[in-house]
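Structure first, then my entries.

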Amino acid sequence: METSVTYPPLRLAHLRTLTNNSGIIQHGWYSMPNEQTGYCTDDNCRAFLAAVQAYRRLPDPELLRLIGIYLSFIRAARNDQGRFRNFMSYQQFFLDDEGSEDCQGRTLWALGYALRYSPHERVTEIARDLFDTAFCWLPELQSARGRAYSLLGLRNYTQAFPDDPRARRAVVGVAESLYQQFETYATEKWQWFEGRVTYALGIPPLALLTSFETTGDIRFRDRGLKTLDWLTGILVRDGVMVPIGCTGWYAKGRKRHDWDQQGIDPAGMAAAYLAAFRVTGDPAYKDLARVSLDWFHGGNLLGVPLVDPITGGSADGLTEHGRNENQGAESTLVYYLATMACRPSMPVAL
């Protein structure tokens, strides 16, 4: 069931709508910010990453202003142990002492990218200070996604500072831990890092593939490709991306759930497929990245586009009855990131 999709211009208007002087609001109420939901480090890291990537295409002072807002939020989120808190109320009180391991990893991913492609020397100084404390706690990460997101940050850090021996040691250690985590759970029919397949599915194989690029360890390449191919068999039906539904996920030995689908999955799969194309040269992976991006533009089970051509934002997900009309930060930002990865020549507009 292949679908024909068209790609609208990449407009960042909704990024500005959701952002105030404190950071980006977590959720939307239709196309307006739902201020009662407050902020989170997860989304401010995604916004920081997206803004830095966009600035490489469009060096507009407005993007530099947004970069400063998101980096300021991340700096405020750091706790006394050098880790990062996640949830902040609209009144600007942090609601937790430490965020999830996903949150820690996503923060390093964004900071590492900003160090590799810094838009300003002050960004470099602050981002390196924030990243530097992570070398103390990186070996303590236990979750697959926390480790995987951290590896994405470390990959960029090693590119920015190739002479820092801590970074390469960290890549080897964290990637080995992720590899061994796979060995704990996997069987011939279950090629995964946990007993359930849930969200952000492309990130662990992506992390292993980038770790191969850093270390040259072919085990990481082979495991990343094998896992990615296994996911493809689960997620792609007749040329259409079908993410695992968050209403029940997919537990080992049970039936997978199809609804509700969220953009974090096709976005992550697009990035993983592009990495696979990079390390193998196989054009089939590039085609699968397009299939993943197409999910946002109607290449899904319902044939419904999720991107709003007016705001540039993305609907929060796809239910069996249609799209979730709210346009929150996560859904919009992962769409931006997937588009910039898959369509490097597409111009960006504010």
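I started at W29, which sits in strand β2 (residues 28-29); strands here are DSSP E runs of at least two residues, helices are H or I runs of at least four, both numbered from the N terminus. This is a predicted model, where local features need pLDDT of at least 70, side-chain atom pairs count only at pLDDT 80 or more, and totals for chains, interfaces and linings use all residues. Residues are numbered from 1 along each chain as its sequence is written, and side-chain values use heavy atoms, without hydrogens and water.

Buried or exposed, or in between? W29 comes out partly exposed because its relative accessibility is 49% (buried is under 20%, exposed over 50%, partly exposed in between; 1.4 Å probe, protein chains only).

Next I looked up aromatic pairs: ring centres within 6.5 Å, using the six-membered ring for Trp, with planes under 30 degrees apart stacked, over 60 edge-to-face and the rest tilted. I got 21 of them in the whole structure. Y113 and Y117 make a tilted one, 4.7 Å centre to centre with 45° between the planes. Y113 is buried at 10% relative accessible area, while Y117 is partly exposed at 25%.

F182 and F193 have ring centres 5.3 Å apart and planes at 70°, so I noted them as edge-to-face. F182 is in helix α7 (residues 165-185) and F193 in the loop between α7 and β6 (196-197), so this pair ties together parts 11 residues apart in sequence. Both F182 and F193 are buried. Ring pairs also link these two with W190, W192, W230 and Y250 in a cluster.
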